[in-house]
Amino acid sequence: MLSSERYQFIIQYLESHKSVTRKELADLLAVSSMTIGRDLKKLEEKGYLLCTYGGAILPNSLVEEKKYDRKKEENTEIKKRIAKKALEEIHSNMTIILDAGTTTYELACLISQASIKNLRVITNDLYIALELYRKENIHILLLGGEVSLETGATDSIGSVKQIENYNADIAFLGISSISESLDITVPTEAKAILKRTMMKISEKSILLADQSKFGKKKLYRAAHIKNFHKIITNYSFSNTEIEKYNLMGKIISVN
């Protein structure tokens with residue numbers, strides 16, 4: 001097993017169990033305790049866990065994936081305000097991508113009520129597809145692959161291969177974790193690749209993220225916030241962040 005595969009296993013195991021011992025990991029991964037010790041040290045240096053005597057625990061900054069219904073109940077009003085602002089970017093005869101997520105789902109709900117003609121929507125979110133597929137003048141392209149029981153989304157390598165064949169005007173991306181250095185982070189490599197591909201095939205990419213997503217980190221880096229054309233959020237960026245990452249003119253505040 002490659003070190004990157006062990007890292008992913010360790011993080012996922014911690015997200016489920018909150019703590020783990022070196023011996024447990026050594027037995028589960030069939031490697032030596034010394035190898036696990038080096039892995040834990042490397043992950044601690046990257047901020048993904050905290051080493052303890054004989055094992056490791058999950059730090060508060062490394063949040064777990066929450067089930068869709070739980071996430072949908074959180075920050076609902078701000079998500080709707082973000083979605084309302086995002087709707088202004090959409091016009092008739094466009095092809096757009098709606099990434100999986102609860103904020104993008106709120107955007108889908110607004111799209112279903114809008115008078116937008118001949119809109120093509122590419123999505124990997126079953127909830128979004130079900131919201132829109134019966135609407136007149138909206139054409140749904142649902143990405144295939146394994147469906148996550150946690151989120152109701154497809155985010156496998158199969159999804160990536162399919163979306164590579166498309167072109168889009170705008171990709172609206174949701175996210176669960178944005179690190180302190182403003183990296184867009186996700187829990188799996190497939191999710192990281194899928195989000196990068198969504199951005200690559202689109203003329204514009206727009207990030208939809210409420211302030212609760214900031215200051216959190218997952219194992220894989222998908223992109224950096226500076227890579228987006230626009231960021232719709234209620235997060236207050238510092239002047240240092242705006243200058244360092246050239247965000248002037250990109251931020252659309254919903255405060």
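Q: At roughly what angle do the axes of helix α1 and helix α2 cross?
A: This is a predicted model. In it, the axes of α1 (residues 3-17) and α2 (residues 22-29) cross at roughly 125° and come within 12 Å.

Q: Why are α1 and α2 called oblique to each other?
A: The axes cross at roughly 125°. Angles of 65 to 115 degrees count as roughly perpendicular and those over 145 as roughly antiparallel, so α1 and α2 are oblique.

Q: Is that crossing left-handed or right-handed?
A: Right-handed, for α1 passing α2.

Q: Which residues make the contact?
A: From α1, Arg6, Phe9, Ile10 and Tyr13. From α2, Glu24, Leu25, Leu28 and Leu29. By class, the contact of α1 with α2 has six nonpolar and two charged residues, and no polar ones.

Q: OK, next pair. How far apart are the axes of α2 and α3?
A: They are 9 Å apart. Helix α3 covers residues 33-45, and α2 packs with α3 at an angle of about 110°. The two helices are therefore roughly perpendicular to each other.

Q: And what is the handedness where α2 passes α3?
A: The crossing is right-handed. Arg22, Leu25, Ala26 and Leu29 of α2 meet Ser33, Ile36, Gly37 and Leu40 of α3. That contact has five nonpolar, two polar and one charged residues.

Q: Switching to strands. What is the order of strands in the open sheet with β1?
A: The order is β1-β3-β2, with antiparallel pairing. The edge strands are β1 (19-21) and β2 (50-52), each pairing on one side only. Neighbouring strands are turned by 25° against each other on average, direction ignored.

Q: How many bridges join β2 to β3?
A: Three, and the strands run antiparallel. Strand β3 is residues 55-57. Cys51 has Ala56 in β3 as its bridge partner.

Q: Which strands does α1 lie across?
A: β1 and β3, and α1 runs at about 125° to β1. Helix α2 also packs on the sheet, touching β1 and β3. The direction of α2 makes about 75° with that of β1.

Q: What stands opposite Thr233?
A: Ser253, in β13. β12 and β13 (residues 251-253) run parallel and are joined by three bridges.

Q: Which helix does the chain cross through from β12 to β13?
A: Helix α10, residues 239-244. This β-α-β crossover is right-handed.

Notes. Residues numbered from 1 in each chain as written. Predicted model: local features only at pLDDT ≥ 70, side-chain atom pairs only at ≥ 80, totals over all residues. Heavy atoms only, no water. Axes fitted to C-alpha atoms, helices over the stretch in contact; angles between N-to-C directions. Helix = DSSP H or I, 4+ residues; strand = E, 2+ residues; numbered from the N terminus. Parallel < 35°, antiparallel > 145°, perpendicular 65-115°, else oblique. Left-handed = near helix turned anticlockwise from the far one by under 90°. Contact = heavy atoms within 4.5 Å. Nonpolar A, V, L, I, M, F, W, Y, C, P; charged D, E, K, R; others polar. Pairing = 2+ DSSP bridges. Right-handed = clockwise from strand over helix to strand, strands pointing away.
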